[in-house]
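Keep the 3D view open while you read.

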Number of protein chains: 2
Amino acid sequence: MLWAMSSSPRSERRLRADRARQAADVIRQQVVRRAFPDGVLPDERFLAAEFSVSRNSIREALELLREEGLIDRVPGVGTVVVADKVEHGLNQLMGLAETLHEHGQITNDVRAATVIRAPSVVAQRLQLPADSSVVYVERLRRLNGLPLSLDLTYLALDVGEPLLDEDLVNRDIFSLIEQTSGQRLGTASVALEAVNADLHSATVLEVPRGAALMVVERLSHFASGRPVDLEFIRMRGDRLTMRAEICR
Amino acid sequence: MLWAMSSSPRSERRLRADRARQAADVIRQQVVRRAFPDGVLPDERFLAAEFSVSRNSIREALELLREEGLIDRVPGVGTVVVADKVEHGLNQLMGLAETLHEHGQITNDVRAATVIRAPSVVAQRLQLPADSSVVYVERLRRLNGLPLSLDLTYLALDVGEPLLDEDLVNRDIFSLIEQTSGQRLGTASVALEAVNADLHSATVLEVPRGAALMVVERLSHFASGRPVDLEFIRMRGDRLTMRAEICR
């Protein structure tokens, strides 16, 4: 047993922190999967037995998850799930409203919807000539009123301009593109990063400065292969889980 | 132009912050893609023209990326890339050493490698009877010596026990499993979350408390469909980008 290699007070503390993390990781997934009946966690004694650790380790594990905003202590009830996380699949290219229709209503605060000169990198990614005009759309996306993500979208002009007359408040850009262009979207290239929220983005997303965000860059193509939609998305880490199935 | 709707000092500040974010998102991807020759960014005047914004907005954009640890100012040189991010593909199930062999040497600090009683949730996920024993391996994974991720791995006993005699310091668990079991891995279910680092995990990963981490839960199956390897992985957000191709 490597854990028992040292018994100094210092390594004792590390040991407890390690065990707490270990339990917290398993419990986190149970929380996200809504595995606890009525959203109430088992008591500390039960969890200590479940993970074969001390009650102090379990307390530390629960404190980690409380700091992440997933659970809270309610006097007289116990430890309850307060997380409101939804899942977004990475295996199929879908808009938020399509993906989350079972969870409620997606609405968008449209912060900008206009034609701009494309920065050269954006033009390159969209395979447009330098100095092309593109449509820029900036939306704060809400699920049942609560901020979920801040999306910055660049669209090729012929694809984006028809969208400026459409219902950007209630509709996904993907479905609007397919409707107005008459073409199907095909593949998308996605890059995911975990980034701390800067002050201004934090304010917009209604999270503390520094909160962990999932930042996504997504370049979507028509089925023909032409890239048409370049998005930079900041998702609240406490509200979204990305899921994927991978093959060896 | 929605951006020009208001001209109060307050909205003026919001405007600059919005434009800074917009530029920062595009530049971030250039940094991650190593798009700048010699790792030196163009000067502020060039970038201001490129993004059609003021130099103050560009300064704010660069400050955002500096705070993320991606770039820094070097007197006499300019703004240089200091990020050391590597890419991990989500489309194919691969170990870190397999994925990153071009970037350097992966080594693992083996913090635990032992047989434990499986928490009931872990037993369920691995489709094992309650109270089964499992192999637990905890590794701090380094790329060229620098911490990249902290991996907590639960393995079915028959699959994991042979690994305890193998070279866990230098080898991926995936390749060790395939070698010792004689079976190929098939699919994996992956869940990704952005989470702020707790104090202890931050210390182990050598990042500030609260740093954004990409937390991955991954359940890998043999090609036969049997789940054998359940992992909880904390990746440093400043060192890893996850990439995927998605189909509509």
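Which kind of contact do the side chains of K85(B) and E193(A) meet in? They meet in a salt bridge, with N and O 2.1 Å apart. Before we go on, keep in mind that this is a predicted model.

Let's start with how the chains are arranged.

## Where the chains meet

How big is an interface? As for head count, 87 residues from chain B and 87 residues from chain A take part in the contact.

What about charges and polar groups? The interface of chain B and chain A holds 12 salt bridges, and 44 residue pairs there are in polar contact, counting pairs with both residues at pLDDT 80 or more. Strand β7 (residues 185-196) of chain B supplies the largest share of the chain B side that touches chain A, namely 12 residues. Sort the residues of that side by class and you get 44 nonpolar, 18 polar and 25 charged.

## Salt bridges in the whole structure

Now zoom out. Over all chains, a search of the whole structure turns up 56 salt bridges. One pair to look up is D18(A) and R111(B), which form a salt bridge with their closest N and O atoms 2.7 Å apart. D18(A) sits in helix α1 (residues 9-32) of chain A and R111(B) in strand β4 (residues 106-117) of chain B, so this pair joins two chains.

## Inside chain A: two domains

Time to look within one chain. The domain assignment of chain A gives domain 1 (9-81) and domain 2 (86-243). Their C-alpha centres lie 35 Å apart. In chain A, five residues of domain 1 are in contact with five residues of domain 2.

How much area do domain 1 and domain 2 of chain A bury between them? The answer is about 310 Å², with 38% of it on carbon and sulfur atoms. On the domain 1 side of chain A, V32(A), R33(A) and R34(A) lose the most area to domain 2, together 73% of what that side buries. The domain 1 side that touches domain 2 of chain A has one nonpolar, one polar and three charged residues. Between these two domains of chain A there are zero salt bridges, and zero residue pairs in polar contact, again with both residues at pLDDT 80 or more.

Technical notes:
Residues are numbered from 1 along each chain as its sequence is written. Chains are lettered from A and ligands numbered from 1 in the order in which they are written. This is a predicted model: local features need pLDDT of at least 70, side-chain atom pairs count only at pLDDT 80 or more; totals for chains, interfaces and linings use all residues. Side-chain values use heavy atoms; hydrogens and water are left out. Domain bounds come from an automatic or database domain assignment. Contact means heavy atoms within 4.5 Å. Buried area is the accessible area (1.4 Å probe) that two parts lose on being put together, summed over both. A salt bridge is a side-chain nitrogen of Lys or Arg within 4 Å of a carboxyl oxygen of Asp or Glu. A polar contact is a pair of N or O atoms within 3.5 Å; within protein, one must be able to donate a hydrogen and the other to accept it, and residues adjacent in sequence count only if both atoms are side-chain atoms. Ala, Val, Leu, Ile, Met, Phe, Trp, Tyr, Cys and Pro count as nonpolar, Asp, Glu, Lys and Arg as charged, and the others, Gly among them, as polar. Helices (H or I, at least four residues) and strands (E, at least two) are DSSP runs, numbered from the N terminus.
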